[in-house]
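Have the model open while you read.

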Amino acid sequence: METTAGAQPAIPQIESLSQTRLAECYQCGKCTAGCPTAGQMDIPPTRLIRLLQLGDSDSALRANSIWQCVSCQTCTTRCPKRVDCAAVMDALRQLAFERGTLSPDERRTVLFQKAFLDNIRRHGRLNEIELIAAFKGAVFLRDRSLPFLFRDAGLAPQLQKRRKLHLVGEQAKDRGVVARIFARTTPRSTHGGAQ
Amino acid sequence: MNLGYYPGCALHGSSNDYEQSLRACLAALGVTLAEIDDWICCGATSAHSLNHKLAIALPARNLALAHRQGLAEMFAPCPMCSMQLLRAGQAMAADKRLREEIADIVEAEVDGGPRVLNLIQVFQRIGLDKLKGAVRTPLQDLKPACYYGCLLVRPPTVVDFDDAEQPQSMEAIVTALGAKPVAWSYKTECCGAGMTMAKTETVLELSGRILANAVAHGANCLVVACPMCHVNLDMKQADAGAFLRTKFDLPVYYLSDMVGMALGLGAADMGIDRHFVVGGGN
C-alpha cells in the first residue's frame, strides 16, 4: 500500500476532523449491527475503526464502505463509548477525496457529491436539473453507460406534470460571497481525485 | 406567531409540495413565516462528506443572516438543513477560535444565531390543545405509520429532540387530529437519504423495507416530516415495490398535510394532488 507522497499522517487528521478518540472503541459491534448498509460493505464500521486503531489508514481510505454509508447517524447514536463513527466516515471520505485514494467501484457517489458542491458554489442554491445533467454527464464520461444516462428520463414528464420541475433554478443574490466561502474552505491541494 | 424561515433547496425545488403544504397549514393556524433574506444551501451530505470546514461555514452564513434580521427562532422544515444548522451553531459555540475563523470566512457576525426548530417542534409550539380545538374533520379513518427517519432524532447530541430510538411526538400530534397511529418497527430506519441518484438500489431496498413494515403493521398511510424521505417513499414507491417484487399503494403525507386535512383544507390547497401515490389503488 503506497501512501500519497507528502501527505500528513491520516490518523491524527481523522481524529481531529471527527472529534473522536479512536482508542475508545472496544469493538462491541453495535455500529455494524445497526448499520442499514453493512450488508453491502466490504469493511463494515467496526472493522474500519479497528483498522484505524492498528494504524492501517490506507486500507480504510480505499474501502468501498465509506461511500456506501448513508450518514444515518445510527452508529454514532448507539455507540456506548461515544465514538462518533458517522463523523469518522465523513473524515475518511474527505481524506480519500483530497488524496485521490478513491475506491474505483464507488466513484459514482463521489461524482455526485462533487457535482452537488460545484452547483452550490456557482448558484448558492441547488439547481436540480443542472445537477442531474452534470452528474449524468460525468458518469457517462467515465463509464460510457447509456442505460445509466437515460435511467430516470421517464421521470421528467412525471415531475413536470406535478409542477416539480424548474427549468430555471433559483440563485442566491450574493453569489460572490458564496464563491469566496468555497475558496476559503477548499484546500488548494484538492484535485478531487474524481476526474 | 412569527417565525424565521429557512426553506432550504429541496422545498424551493422538486419538494415544493412540502412548502405549499406547510405554508397553507401554518397560515390557517395564524403562524407567519419570515423567510431568511438571501439564504444559501446548507451544503447537505455533499459538504459534510467532502469538506468539514465548508459544512460548518455554509449553515453558519445562514445563521448569521437570520441573526442580522433579528430572528430569535428559525424554522427549518428539512431535517438535513436543520441538523447542519444546529451542528454549525454548536461547533462555533464550543470553540472561540473556530467562531472567529468562520466569521471571517462567511463575512458576517456569527455570535448569537437563532434557535432552530423542526416542523414537529413548530406544531408543539402551537400546542396540541390548540390543534385539537381547531380540528374540523377528524382523521378517524387514517391509520398512519409515523416515520421519523434519521436526522429528526439523530444524533441526539446534536438535535436533542424526542427519543432517538422510540420517538412519539408525531404520534401525539396525529392522535390529537383523530387519527390512529400504528405501532411499527421501522420508524427510525434510514430510507436511503440523498442516495436517490447516485445509488438508487440502496434507496429502493431501504425504502422498500420501510413501506413493507408499515403495511405489515396495518398502516394505511405514512407520515413524514422530511423532503428527502418523501421523495424516496412516495416518488420511488413504485420502483421500491418492483425491487422487492411486490406492489405498494401507501399514500405518504407530510405532517403538515395531516394537520391541514384535519383543519378542513383541501388536498389541492396543500399540494397533496401533486404526490405520486394517490392511494385507493390508483
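## Where the chains meet

How many residues of chain B are in contact with chain A? Keep in mind that this is a predicted model. On the chain B side the count is 42 residues, and they touch 43 residues of chain A. Helix 3 (44–50), helix 4 (52–68), helix 6 (96–106) and helix 11 (200–216) of chain B each give two or more residues to that side. Sorted by class, the side of chain B that touches chain A has 21 nonpolar, 13 polar and 8 charged residues.

## A helix pair across the chains

One pair to pick out is helix 12 (residues 175–185) of chain A and helix 4 of chain B, whose axes are 9 Å apart and meet at an angle of about 155 degrees. Since angles over 145 degrees count that way, helix 12 of chain A is roughly antiparallel to helix 4 of chain B. The crossing is right-handed.

From helix 12 of chain A, the contact uses A:Ile181, A:Phe182 and A:Thr185, while helix 4 of chain B brings in B:Lys53, B:Leu54, B:Ala57, B:Leu58 and B:Arg61. That makes 5 nonpolar, 1 polar and 2 charged residues.

## Inside chain B

Chain B splits into domain 1 (2–117) and domain 2 (134–274), with 24 Å between their centres, taken over C-alpha atoms. Here 21 residues of domain 1 are in contact with 23 residues of domain 2. On the domain 1 side, helix 2 of chain B gives the largest share, 8 residues. By class, that side of domain 1 has 14 nonpolar, 5 polar and 2 charged residues.

Notes. Residues are numbered from 1 along each chain as its sequence is written. Chains are lettered from A and ligands numbered from 1 in the order in which they are written. This is a predicted model: local features need pLDDT of at least 70, side-chain atom pairs count only at pLDDT 80 or more; totals for chains, interfaces and linings use all residues. Two residues are in contact if their C-beta atoms, placed from the backbone, lie within 7 Å. Helices (H or I, at least four residues) and strands (E, at least two) are DSSP runs, numbered from the N terminus. Ala, Val, Leu, Ile, Met, Phe, Trp, Tyr, Cys and Pro count as nonpolar, Asp, Glu, Lys and Arg as charged, and the others, Gly among them, as polar. Domain bounds come from an automatic or database domain assignment. Axes are lines fitted to C-alpha atoms, for helices over the stretch in contact, and angles run from 0 to 180 degrees between N-to-C directions. Angles under 35 degrees count as roughly parallel, over 145 as roughly antiparallel, 65 to 115 as roughly perpendicular and the rest as oblique. A crossing is left-handed if the near helix is turned anticlockwise from the far one by less than a right angle, and right-handed if clockwise.
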